Amino acid sequence: MKHSSRFFLGACLALALGSPLLRADTTREPDVRTARTDRINIRGQPSTAGEVLGQLNTGDRVTVLEVVRVDKPKAGDATNWLKIALPPTVPVWVHSQFVDTNKMTVSANRLNVRGGPGENFSVVGRVERGEKLKLIRRKDEWLQIAPPMGSFGYVVAEFFTAPAPPPVAVTPPPPVETAPPPVVTPPVAPPATSPPPSVVVVAPPVITNPPTVVTPPAPLPDIIKEEADAKERNLAKIRGYRTPPTGPGTNLVVEVEAAPRRIVTREGMVRYTVHINAPSWYVLEALDTRKVINYLHPASTNIVLGQFRDKRVMVTGEEGLDRRWPNTPVLRIQKPEDIQPVE
């Protein structure tokens, strides 16, 4: 029953404080003011009906928590009040049921601090569980304690000095802009040049040709050698030798420097030959044996042997033997009249 009564009184006080009759001046920053007269009552509410918690005298300084203006004060009551932090000399009260009296700590979650030893007194603060309290004296179930942090009371504002003017904000002079020192750019160092790459002269490889190996000619077979000897004998006869010369180099072409020119006159048939080894297109055949006597070779383009083809002729010219055609002498016709048909 006691708890219900305390809750009801607390609610009534809260409603009274929040009623439209009271309008708080929301001065957020508390200031410190000085009492200008003696015996200024500190009350539990911003009204002369509030219980007196203590008194202040001239020169006492208080910390203003809030400036309260009552819009519709009662007759003879002040309009402007100051909510101040309770001085340490103003005691307050708490119920002992919610205090661990051995440790003097709050045992309830939240405990109201009141202006007197009863629930009909104004709430002038609250303390939380475990908060340490300083006991002054005990009265029945109530404990008189030193005002804890956050305890407050109300005083009439006109008994205190005006709030100190806010300090004039001194605007510092704008900083003098000084030109930054010139930035000295160091000279750009020329790019480092790397030394040219060393040129390695590589000597070309010396190519030495292998010595030529002279392979001696293989010895001729006997049958070839006999044929070559026969040709040399015929050639020697044409050149006027009775016997072929012997000794080294006999198988070479021998210039017949000392041999006289052999001018002969022969009679035969002019035939056309297609032999690929023949030195001429025309040959002179023997009348009786029809064998080739000479290759006919005109010394001039005026001599047309084609007109004597398959005809019997008498032909005069220089007869010689070339080693390319050792079996058949070549008869060289110098002029057109050296070949005449025979009727």
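The model is a predicted one, in which local features need pLDDT of at least 70 and side-chain atom pairs count only at pLDDT 80 or more, while totals for chains, interfaces and linings use all residues. Residues are numbered from 1 along each chain as its sequence is written, and side-chain values use heavy atoms, with hydrogens and water left out.

The chain holds two helices and 20 strands, these being DSSP runs numbered from the N terminus, with at least four residues of H or I for a helix and at least two of E for a strand. Among its 343 residues, 31% are buried, a word that stands for under 20% relative accessible area, whereas exposed stands for over 50% and partly exposed for the range in between, with a 1.4 Å probe and protein chains only.

Turning to the loops, S122 is found between β10 (110-114) and β11 (123-128). Why does S122 count as buried? The reason is its relative accessibility of 2%. The side chain of S122 is joined to that of Q45 by a polar contact of 3.0 Å, that is, a pair of N or O atoms within 3.5 Å, of which, within protein, one must be able to donate a hydrogen and the other to accept it, and for which residues adjacent in sequence count only if both atoms are side-chain atoms.

Another loop, between β17 (292-298) and β18 (312-320), contains R309, which counts as partly exposed because its relative accessibility is 42%. Leaving aside neighbours within four places in sequence, R309 is in contact with V270, Y272 and Y282. Although R309 and Y272 are 37 residues apart in sequence, their C-alpha atoms are 6.6 Å apart in space.

The loop between β15 (263-272) and β16 (282-285) is where V274 lies, and this residue counts as exposed because its relative accessibility is 63%.

Terms used: Contact means heavy atoms within 4.5 Å.
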